Amino acid sequence: MPSTNADAAIEAVDLRKSYGSEVALDGVSLSIPSGTVYGFLGPNGAGKTTTMRILTGLSQPTSGSVRICGLDVSDRGKLAPHVGYLPETPPLYDEFSAREQLDYVADLRDIPAETAEARIDDLLDRFGLVGDANKRIGTYSKGMKQKTAFIQSVLHEPDVLFLDEPTSGLDPRAARQIRTSIGDVAASGSTVFLSTHILPVVEAVADEVGVLFDGRVVAEGTPDEVKSRAQTGGEGSLEDAFLAVTSDETRLTGVADE
Ligand SMILES: Nc1ncnc2c1ncn2[C@@H]1O[C@H](COP(=O)(O)OP(=O)(O)OP(=O)(O)O)[C@@H](O)[C@H]1O
């Protein structure tokens with residue numbers, strides 16, 4: 001039984017999730033300290049989204065437990081102020097402008113109007129959206145929508161921010177703005193849980209990496225530790241390490257049991 005750490009920002013113990021006979025998570029335990037940027041990697045179907053939905057309280061595990069900032073994740077009312085979530089398909093209203101969308105979310109989050117206005121102005125400015133902030137989101141490019149959704153997820157300054165593929169499909173400038181903002185969020189002391197297939201993004205921002213394969217964490221540590229443990233020949237990249245620990249051989253030998 002994995003030990004628990006009450007001080008961790010994210011503490012998950014032996015998460016299991018089955019959909020009928022399909023085992024999506026097969027005993028996932030995580031202990032992520034506050035202030036960490038944690039890169040969560042895994043091939044398609046490994047169980048990343050399932051894990052994130054459980055960690056954010058949107059889905060129930062079949063068994064296992066989750067605490068975020070020491071709070072049981074099932075208490076969604078208490079958890080909400082502490083957590084921000086940018087899902088792969090962000091909830092935005094096409095009929096709203098970015099400003100209306102962000103005002104609406106600030107209101108839902110009970111952020112005082114003056115504070116909200118200052119934060120929204122600052123974030124719109126940082127993401128280069130001021131000139132378009134009063135146009136309908138339905139007319140926005142993918143990058144503009146993603147930046148609006150990112151702002152929406154950090155507006156209440158959450159202690160733990162979950163990001164699902166935040167830079168996917170973005171041009172280099174927009175992707176860099178998001179990457180920089182992830183660093184800013186971490187520098188303010190918050191914890192970032194970042195799921196992505198874009199390994200250079202993880203190498204650029206992550207303090208710790210976890211690799212999920214077939215519903216199990218098969219490698220974990222700093223990017224350098226994961227690279228050296230994967231024994232990719234010394235100078236291997238994170239991509240080499242990823243490929244090494246998510247091969248069918250891993251499934252057979254059970255690297256995570258070491
Ligand atoms: N609602 C569901 N009903 C049935 N099976 C599901 C459901 N959601 C996920 N699964 C299955 O659980 C497994 C893990 O899926 P999940 O979406 O968590 O993977 P992922 O790592 O996020 O994949 P991707 O990188 O492709 O987004 C897959 O085999 C998937 O088919």
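This is a predicted model: local features need pLDDT of at least 70, side-chain atom pairs count only at pLDDT 80 or more; totals for chains, interfaces and linings use all residues.
Is Asp-14 buried, exposed or partly exposed, and how many other C-beta atoms lie within 10 Å? Asp-14 is partly exposed, with 15 other C-beta atoms within 10 Å, where a residue counts as buried if 20 or more other C-beta atoms lie within 10 Å of its own, as exposed if 12 or fewer do, and as partly exposed in between, the C-beta atoms being placed from the backbone.

Residues are numbered from 1 along each chain as its sequence is written.

Let me begin with the overall picture. The chain has 10 helices and 10 strands, these being DSSP runs numbered from the N terminus, with helices taken as H or I of at least four residues and strands as E of at least two. The radius of gyration is 19 Å, which agrees with the value near 18 Å that a compact globule of 258 residues would have; that radius is taken over C-alpha atoms, and the globule rule is 2.2 Å times the number of residues to the power 0.38. Along the principal axes, the C-alpha atoms fill a box of roughly 55 × 40 × 35 Å, and 42% of the 258 residues are buried.

Now back to Asp-14, which lies in strand 1, residues 10-19. The phi of Asp-14 is near 50°, a positive value in a residue other than glycine. Most residues other than glycine have a negative phi. Glu-165 also has a phi near 50°, but Glu-165 sits in the loop between strand 7 and helix 6 (172-187) and is buried, with 20 other C-beta atoms within 10 Å.

Helix 1 gives the most, with three residues. The surrounding residues include Tyr-19, Glu-22, Gly-45, Lys-48 and Thr-49, a residue being near the molecule if its C-beta atom, placed from the backbone, lies within 6 Å of it. The shell divides into three nonpolar, six polar and two charged residues, where Ala, Val, Leu, Ile, Met, Phe, Trp, Tyr, Cys and Pro count as nonpolar, Asp, Glu, Lys and Arg as charged, and the others, Gly among them, as polar.

Finally, the interior. Strand 6 (residues 83-86) is covered on both faces, with Val-83 and Tyr-85 buried on one side and Gly-84 and Leu-86 buried on the other. Strand 6 pairs with strand 7 (residues 160-164) in the parallel sense over four bridges, and Gly-84 has Leu-161 as its bridge partner in strand 7. Phe-162 touches Val-83, Gly-84, Tyr-85 and Leu-86, among others including Met-52 and Leu-55, with contact meaning C-beta atoms, placed from the backbone, within 7 Å.

Terms used. Two strands pair if DSSP finds at least two bridges between them. Two residues are in contact if their C-beta atoms, placed from the backbone, lie within 7 Å. Lists of a residue's contacts leave out its neighbours within four places in sequence.
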